[in-house]
Amino acid sequence: MSLHLVDETTPSRRRGGPSAQPRFDLTLSENPFPPLPSVLRAVHSVLAQANRYPEFLPRRLPKLIAQHHGVHPDQVVVGSGATGVAMQIIQSLTTPGAGMVYAAPTFDGYPILAEMAGVEMVPVPLDSAGNQDLRTMTKAIDKWTGLVVVCRPHNPTGTVVSAAALRTFLSSVPARVPVILDEAYVEFLGAADYIDPLALLSKHPNLLVLRTFSKAYGLAGLRIGYAFGRPEMMARVRKLQLPFGVSSAAVAAVSASYAAEPELAVRTMRITAARETLRNALRRLGIAVPLSQANFLYLPGPGVATALRRAGIAAKAYPDGSARISVGDPDADHAVLTALETLR
Ligand SMILES: Cc1ncc(COP(=O)(O)O)c(C=O)c1O
């Protein structure tokens with residue numbers, strides 16, 4: 001059977017529906033490119049067996065991911081996106097009423113999951129430059145704290161806490177408190193800012209590194225995320241592994257994606273180059289866009305989200321009128337610039 005493939009060099013857009021639909025949907029920091037043809041072929045080939053269940057508890061996917069990172073499969077837990085794995089972490093490592101310290105605003109999932117698990121939210125505002133305020137986060141940790149989350153890069157600003165600041169912070173967190181280091185956007189991070197997670201894990205047994213195939217790998221619709229850490233910690237998280245919870249398509253897609261890393265890296269570079277071009281242009285317009293190392297930009301308000309919406313561009317909007325937009329689709333990037341030209 002032949003497979004219809006979308007032109008892999010062109011960013012894809014959500015299909016235009018009724019006229020109320022936005023022209024561009026930049027709300028979810030998605031990858032603008034459709035899956036690579038080789039990944040589509042791999043997924044397609046396993047769909048022929050979709051009448052069969054996947055593995056009862058996932059073994060092949062953790063093994064693939066473990067090999068890729070040079071860790072033991074016991075150190076990896078996989079799930080339904082990083083969101084699913086974060087839920088597993090919160091439910092397995094905290095008790096209702098415990099506090100979760102995180103920088104706010106953050107990825108919307110964290111407050112939602114905390115509420116679902118009955119965990120007390122302890123948000124610490126970002127500093128004026130959009131950075132996570134690790135000093136204040138340290139002070140917010142007390143005897144009730146059950147979990148800490150640090151994102152690197154941070155969502156929604158794209159900012160990156162320095163390696164030194166992160167190390168100091170991790171050393172200040174009591175060993176009994178698990179720390180999620182959320183690296184959902186790590187593949188967009190400049191090489192100079194990359195930290196070897198294994199070196200961090202060797203010093204901090206309470207660390208869990210959270211990653212996803214939704215962003216740089218462009219597989220958000222397949223829902224594949226994972227965390228890795230010390231085997232004892234991961235064994236606790238694995239206790240809540242949902243039987244049959246990871247599809248066979250996930251294994252095929254990850255295997256094909258690892259085989260296609262050079263092609264994916266080209267896309268990542270295109271996205272980061274487009275991000276820089278757009279950021280510079282927006283700053284020339286007077287919008288104080290923080291330096292982002294992710295696949296999105298944070299555009300401080302007021303009025304930004306409204307101006308984008310009026311131009312048919314859906315963005316993630318914040319209460320003060322600021323917006324976060326995914327980047328990398330040249331037409332959408334151009335539309336953003338045009339929409340905001342008259343704002344200042
Ligand atoms: C910081 C951060 N962590 C985790 C996620 C969850 O990603 P997913 O559940 O698609 O793997 C996101 C998604 O936007 C995110 O921004």
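Predicted model: local features only at pLDDT ≥ 70, side-chain atom pairs only at ≥ 80, totals over all residues.

Reader: What makes residues of domain 1 and domain 2 count as being in contact?

Author: The test is that their C-beta atoms, placed from the backbone, lie within 7 Å. The contact takes 22 residues from domain 1 and 24 residues from domain 2.

Reader: Which elements give two or more residues to the side of domain 1 that touches domain 2?

Author: Those are α10 (261–284) and β9. Of these, α10 gives the most, with five residues. Sorted by class, that side of domain 1 has 11 nonpolar, seven polar and four charged residues.

Reader: Now the strands. How do you know that β11 and β12 pair?

Author: Pairing needs at least two bridges between the strands. β11 and β12 (residues 323–326) have two bridges, in the antiparallel sense, so they meet that cut-off and count as a pair. Look at Ala-317 for an example: its bridge partner in β12 is Ala-323.

Reader: What is the strand order in the open sheet of three strands?

Author: The order is β9-β12-β11, with antiparallel pairing.

Reader: Why are β9 and β11 called edge strands?

Author: β9 (296–299) and β11 (316–317) each pair on one side only.

Notes. Residues numbered from 1 in each chain as written. Helix = DSSP H or I, 4+ residues; strand = E, 2+ residues; numbered from the N terminus. Contact = placed C-beta atoms within 7 Å. Nonpolar A, V, L, I, M, F, W, Y, C, P; charged D, E, K, R; others polar.
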